[in-house]
Amino acid sequence: MTDSEERLKSDISRIFDLMFGQPFLTPTFDEYAMYMSFASSLRSADLSRQVGAVIAKDKEIIATGANDVPRFGGGQYWADYNDKNVDDVESGRDYKRGFDSNQVERDAIIEDIANKILENSTATDTNNKEKMIEIIKGSRLKDITEYGRAVHAEMSAILSCAKNGIPLKDAELYCTTFPCHNCAKHIVGSGVKRVIFIEPYPKSNALDLHGDSIVYGINSEIDKVQFEPFVGVGPRRFFDLFSIALGGGQALIRKDKTTGNAVNWESKTAKVRIPLLPQSYLEREKQAVETLEETIKRGEKNHG
């Protein structure tokens, strides 16, 4: 996503160093903020998807958000202790109501369109209605989102700032999914200057509707909000590559416990910190046999 060859080489080199256990590499702020955005998404109880967002200013996170149903008094519903059990408010979140209001309303609109067509035509075959509904459901009507009860993650974060009187002029917004066009217009209006996302969102018409105020890619343009794809270590690998002891790979050592000096790490002798898992059953059997042989040898050596 950049024309800079030096930037590309640097990014690739950094990823390899992380994979091979360079103990002194820490996250960029973009990586940290996106990890926090991902963490925010996990609190969502939405029936369709989990989306998270955070807003930052001067490399400080000032608000978080997730796609979920708003509650009276501001904010969104949270699971909480009810007597002795953790539970949700009745009729609060969508799963408590048992249905997605956006899909119900969308299907009702589609059926209404089919009925109106039949009422104004000479066709009498009832199969025509079923066929029409099937066709209409395949149209762009399936992409409407305005009847959903959930506040989108980006709007949730923006509303959090509004509730607490925090200005968003020149702030940055990190979200796990590309903003929809409804969120995009509020992002532009809020004063946010940069949006970073991971997953695409084909339903969004943000760039088509707001080309006058939004630009896509890592190529900043004057007087436009920059929407750019995330580059760096993704949230799912954040622990594995940045934690010295809590990730899924080998623990890292940063200092000599005897002298207190920082260890010397050399790429030439480094080993992969997180070995790739074998894919085929033959590879797994081979690895199991090798592990067993090593265990037996260690046992024989320890017992003389």
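**Exercise 1.** Locate Phe16 in the secondary structure, and find which surface patch holds this residue.

Solution. Phe16 lies in helix H1, which covers residues 5-19, where a helix is a DSSP run of H or I with at least four residues, numbered from the N terminus. The model is predicted, so that local features need pLDDT of at least 70 and side-chain atom pairs count only at pLDDT 80 or more, whereas totals for chains, interfaces and linings use all residues. Residues are numbered from 1 along each chain as its sequence is written, and side-chain values use heavy atoms, with hydrogens and water left out. Next, Phe16 has a relative accessible area of 46% and is therefore partly exposed, the class between buried (under 20%) and exposed (over 50%), with a 1.4 Å probe and protein chains only. Finally, Leu8, Ile12, Ile15, Phe16 and Met19 make a nonpolar surface patch of about 440 Å²; patch residues have over 30% relative accessible area and no salt bridge, with nonpolar side chains joined within 5 Å and like charges within 9 Å.

**Exercise 2.** Which residues form a positive surface patch?

Solution. The patch consists of Arg49, Arg140, Lys142 and Lys203. Of these, Lys203 sits in the loop between strand E6 (194-199) and helix H8 (206-209), and its relative accessible area of 32% makes Lys203 partly exposed.

**Exercise 3.** How many disulfides does a search of the whole structure find?

Solution. The search finds zero, a disulfide being a pair of cysteine sulfur atoms within 2.5 Å. For Cys161, the nearest cysteine sulfur is that of Cys183, 14 Å away, and Cys161 is buried at 1% relative accessibility.

Key. Accessible areas come from the Shrake-Rupley method with a 1.4 Å probe; for residues, only the protein chains shown count as cover. A salt bridge is a side-chain nitrogen of Lys or Arg within 4 Å of a carboxyl oxygen of Asp or Glu. Lys and Arg count as positive and Asp and Glu as negative; His and the chain ends are not counted. The place of a charge is taken as NZ of Lys, CZ of Arg, CG of Asp or CD of Glu. Helices (H or I, at least four residues) and strands (E, at least two) are DSSP runs, numbered from the N terminus.
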